[in-house]
Amino acid sequence: MKEINSSEFEKEVLQSGRVILDFYSTECPPCEALATKFEDLSHLYGNDMKFMKIYRQGNRELAEKLGVKSSPTLLFYNDGQEVATRLTGGIKRSEIIRNLDSMLTAGRVEEIRSQIKTSVSEFDVIILGAGPGGLTAGLYLCQSKINTVLIDIALPGGHVSTTHEVSNYPGFIEPQAGYMLSHNMSEQTKLCGTIYKVAVDVTSVDLEKKEVVIDEYETVRAKRIIIATGTTPNLTGAPGEKEFKGRGISYCATCDAKYYNDKDVIVIGGGNSAVEESEYITRFVRKLTMVHQFDKLTANKQAQDKVLSNPKINIVFDTEPRTFIKEGDRIITEVENVKTGQRQKLSADGVFIFIGMKPNISLFRDKLELDQWGYIKTNEDMLTSVPGVYAVGDVISKKYRQITTAVADGTIAAMAIAKEMD
Ligand SMILES: Cc1cc2nc3c(=O)[nH]c(=O)nc-3n(C[C@H](O)[C@H](O)[C@H](O)COP(=O)(O)OP(=O)(O)OC[C@H]3O[C@@H](n4cnc5c(N)ncnc54)[C@H](O)[C@@H]3O)c2cc1C
């Protein structure tokens, strides 16, 4: 591994055969998450290609010339030509390997694969999921001197990191940007000393043995597990939805509303998320049409009032989407009135879908007692039906799912575990 600057780029990258170049920054949690994976892969693939790092802030001009807009960004070169897809953000080991393998012959890939060494590490507690629930449990356990590892398939923060503004988290007078609130939670827990393994693939989870395999080769064992894996947005299931996901259909207002400046959008849904996110989206768009399956909104009264008095928002009640199709740059949502059966086509530049969530339990669904909606049942200590396995936050069976309730669950589970392990 070698650190270069922009004056060496021509010689070290463009004239050096196969090269992988990491544009990194300081004070950049995703860069920290990448660093160990990059180092590890440099040992594995180091005979076949050069691994280079370049400090983005110190080499701004080159970064701009190459169109590097975020840190970290990984670029792959072969004989001076950029190859493979650029990787940015929460980069997984498996994504890098896919790119590296694409630069080598199948035979060589096989040889390298055979050299991968499995590893085993031991902790007191494994926390699966680094949203508010998992991060809070991590903080309390760490402060109780309990050796804890936080494992997440994405970067830390959970849903809060993509929520535009949080105005109901106690302790802040002004509304907080979601990404800042989650960043602060994550840094607080990390600073205490909790080990992070984030942006990884979780290969398997054995709740009985308290064993989690990540990235296929790394086994993590503990005495207790806390499940804090949260929820994932529901899909409407209408034809075209999967096809146009990320190409006109979005599930995240913070991420995508800014691309619809002065445009028309449709929002599917009428609960709290749909209403709150619609209010935010109208900062950008010209017109927003909400499509809601019932004859009135199901969000809380205060949020409803804001939406009902917003001149940019029009609501179509008793209606569900049936298909999504593309016509040029526009997306056509065919909707059906559930009472009359009458169909109409609504044309817009983009569609946002906020129709509730489902719990992330696919790796251990069969092992735990669940409620009728598939959420994990716990007792008042957050203990599940499997001894030594706790669950906290949105993934558990409960009435109200908020940051404050996830944080409270995380606190309870950690304190119960700390007491048990005393
Ligand atoms: C659009 C939107 C706006 C919201 N606004 C507010 C608000 O203003 N105020 C408020 O209080 N609440 C709000 N909420 C609700 C709040 O975000 C959640 O209640 C809270 O984030 C739940 O925290 P959690 O830790 O349980 O789960 P999450 O925040 O969902 O975090 C779960 C974590 O687990 C990880 N994960 C998933 N599967 C796995 C796996 N197999 N292995 C390892 N890790 C995994 C995920 O990557 C994620 O990081 C909002 C939610 C949404 C969707």
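The residues of the shell around the ligand divide into 12 nonpolar, 13 polar and five charged. Here Ala, Val, Leu, Ile, Met, Phe, Trp, Tyr, Cys and Pro count as nonpolar, Asp, Glu, Lys and Arg count as charged, and the others, Gly among them, count as polar. This is a predicted model, in which local features need pLDDT of at least 70, side-chain atom pairs count only at pLDDT 80 or more, and totals for chains, interfaces and linings use all residues. Residues are numbered from 1 along each chain as its sequence is written, and side-chain values use heavy atoms, with hydrogens and water left out.

**The ligand and its surroundings**

- The ligand is surrounded by 30 residues, and the closest are G133, D152, D394, Q402 and I403. A residue is near a molecule or strand if one of its heavy atoms lies within 4 Å of it.
- Helix 6 (132–143), strand 8 (148–152) and helix 12 (403–421) each give at least two residues to this shell. Helices (H or I, at least four residues) and strands (E, at least two) are DSSP runs, numbered from the N terminus.
- A polar backbone atom of D394 is 2.8 Å from an oxygen atom of the ligand. For I403, a backbone N or O atom lies 2.9 Å from an oxygen atom of the ligand. For P132, a polar backbone atom is 3.2 Å from an oxygen atom of the ligand.
- Taken alone, the ligand exposes 1000 Å², and the protein buries 90% of that. Accessible areas come from the Shrake-Rupley method with a 1.4 Å probe; for residues, only the protein chains shown count as cover.
- A polar contact is a pair of N or O atoms within 3.5 Å. Within protein, one atom must be able to donate a hydrogen and the other to accept it, and residues adjacent in sequence count only if both atoms are side-chain atoms.

**Two disulfides**

- The structure holds two disulfides. The cut-off is a pair of cysteine sulfur atoms within 2.5 Å.
- The torsion about its S-S bond is about 75 degrees, so the C28 and C31 disulfide is right-handed.
- C28 counts as buried at 8% relative accessibility. C31 also counts as buried, at 8%. Buried means under 20% relative accessible area, exposed over 50%, and partly exposed in between (1.4 Å probe, protein chains only).
- C142 and C192 form a disulfide, with their sulfur atoms 2.0 Å apart. The link of C142 and C192 is left-handed, with -105 degrees about the S-S bond.
- This pair links distant parts of the chain: C142 is in helix 6 and C192 is in helix 7 (residues 178–192), 50 residues apart.
- C142 is buried, with a relative accessible area of 12%. C192 is partly exposed, at 31%.

**Around strand 4**

- The peptide bond from S71 to P72 is cis, with omega near -5 degrees. P72 has its place in the loop between helix 3 (60–65) and strand 4.
- T73 is found in strand 4 (residues 73–78). T73 is buried, with a relative accessible area of 2%.
- The side chain of T73 reaches the backbone oxygen of S70 at 2.5 Å.
- Leaving aside neighbours within four places in sequence, T73 is in contact with L21, D22, F23, V68, R86, L87 and T88. Contact means heavy atoms within 4.5 Å.

**Positive phi in two loops**

- K145 is not a glycine, yet has a positive phi of about 60 degrees. K145 is in the loop between helix 6 and strand 8. K145 is exposed, with a relative accessible area of 75%.
- M382 is not a glycine either, and has a positive phi of about 75 degrees. M382 is in the loop between strand 25 (357–359) and strand 26 (389–391). At 8% relative accessibility, M382 counts as buried.

- In helix 10 (residues 272–281), the residues A274, V275, E277, S278, Y280 and I281 are buried.
- The cover over these buried residues of helix 10 includes helix 9 (253–256), strand 18 (264–268) and helix 11 (301–308).
- A348 lies in strand 23 (residues 343–348). A348 counts as buried at 1% relative accessibility.
- Leaving aside neighbours within four places in sequence, A348 is in contact with D264, V265, I266, R330 and I331.
- A348 and G248 are 100 residues apart in sequence and 9.3 Å apart in space, C-alpha to C-alpha.
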